[in-house]
Amino acid sequence: MTEKLVIIGSGPAGWTAAIYAARANLNPLVFEGEPSAAMVPGGQLMYTTEVENYPGFPPGVQGTELMSLFRKQAERFHTRINPADITSVDFSSHPFLLKSSDDTEVKASTVIIATGATANWLNLPNEQRLAQSGGGVSACAICDGALPAYRDKVLAVVGGGDSAIEESLYLTKFASKVIIIHRRDTLRASPIMQDRAKANPKIEYKWNSIITDVLGDKSITGIQLLDKKTKEESTLNCGGLFVAIGHTPNTAFLNGQVKLDDKGFIVTPKPWRTATSVEGVFAAGDVMDPYYKQAVSAAGTGCMSALDAERWLTHNGFA
Ligand code: NAP
């Protein structure tokens, strides 16, 4: 049997694509992905608390609740859901062949890739050791910040974007102080977020600073800093390090079969279209969007990808 449409990924893009495709009678099959240390089904909103900028929720909505609602809406139209990952693809002939982590092979006439992006790390000598042992290094303040180990401690956050500010503000609920470590002397974060951080007396900054290592045996005791301007080294004692330096698109499983940009995002050559370099393969959400990276824009491109797939199927006589 050949599926009309397989959707890989279960964030806002994947579920929106499923809702549109299911309502267009494409009977989509979604591979929602297995939970791992780096990502869970539902994607990055699963690591967020309050989402204030998703339209339709005037008082805001919890990220986990929003994704649960997306999933339920896709199920309402009989979307089929497989909890496995797609581990490899063969786009060299048609129908496409997809292999999953539960050892099944699926043939598909069209594919929508909506696998999102994953948090970046600094790649310091002792970073992963303390991250993987629960020793006080984390890439998700929203997931870990409320743990007892971080209460009333000085916490460091690295990064200068909206994520770093958002996570710092969140951590001030628990920490005695939050110190933002940024490699430049101006933030990348939006003005409204910068204003909120400036108004918070618990937030301080270390400008022009890079972290050269994390200190501590079983748990973090501090970080080693290098001032980029003066070249001075120093130690900052802290009880936690939260890394908020952006994300990498989840495209490794494509093994070069779809054109990617220099950062690994899927290229969609035609403006305002979700078609990729492979006929019949479409991309939606953060995996193809290095610019907007919002839940609502991911949902928007998810919708577009389902319409593009439907038109491609009709045009090529598969619908
Ligand atoms: P981002 O905007 O790409 O910012 C990444 C930050 O990390 C930058 O300040 C960057 O420094 C720094 N950085 C990158 N690599 C580094 C390294 N190796 N060492 C030290 N610092 C490093 O990523 P983001 O903050 O995750 O935001 C992503 C997107 O989501 C943005 O569009 C943002 O607006 C959006 N977002 C919005 C909200 C909100 O509105 N509530 C919340 C979170 C995210 P440089 O500045 O020097 O490049």
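Visitor: What is the area buried between domain 1 and domain 2?

Guide: This is a predicted model, just so you know. The buried area comes to about 370 Å², and carbon and sulfur atoms give 62% of it.

Visitor: And where are domain 1 and domain 2 in the chain?

Guide: Domain 1 takes residues 2-118 + 247-315, while domain 2 is 121-243. Their centres, taken over C-alpha atoms, are separated by 32 Å. Four residues from domain 1 and five residues from domain 2 make up the contact.

Visitor: Why is the pair Arg 196 and Glu 52 called a salt bridge?

Guide: Check the distance: the closest N and O atoms are 3.8 Å apart. The cut-off is within 4 Å, for a side-chain nitrogen of Lys or Arg and a carboxyl oxygen of Asp or Glu, so the pair qualifies. Between domain 1 and domain 2, the count is one salt bridge. By class, the domain 1 side that touches domain 2 has one nonpolar, two polar and one charged residues.

Visitor: Now Asn 82, in strand 5. Why is Asn 82 called buried?

Guide: Asn 82 has a relative accessible area of 15%. Buried means under 20%, so Asn 82 gets that label.

Visitor: What does Asn 82 touch?

Guide: Leaving out residues up to four places away in sequence, Asn 82 touches Leu 29, Val 30, Phe 31, Glu 32, Gly 33 and Asp 102.

Visitor: How far is the backbone nitrogen of Ala 84 from a polar atom of the Asn 82 side chain?

Guide: They lie 2.9 Å apart.

Terms used
Residues numbered from 1 in each chain as written. Predicted model: local features only at pLDDT ≥ 70, side-chain atom pairs only at ≥ 80, totals over all residues. Heavy atoms only, no water. Domains from an automatic or database assignment. Contact = heavy atoms within 4.5 Å. Buried area = accessible area lost by both parts, 1.4 Å probe. Nonpolar A, V, L, I, M, F, W, Y, C, P; charged D, E, K, R; others polar. Helix = DSSP H or I, 4+ residues; strand = E, 2+ residues; numbered from the N terminus. Buried < 20%, exposed > 50% of the residue type's maximum accessible area, 1.4 Å probe, protein only. Polar contact = N/O pair within 3.5 Å; in protein donor to acceptor, adjacent residues only side chain to side chain.
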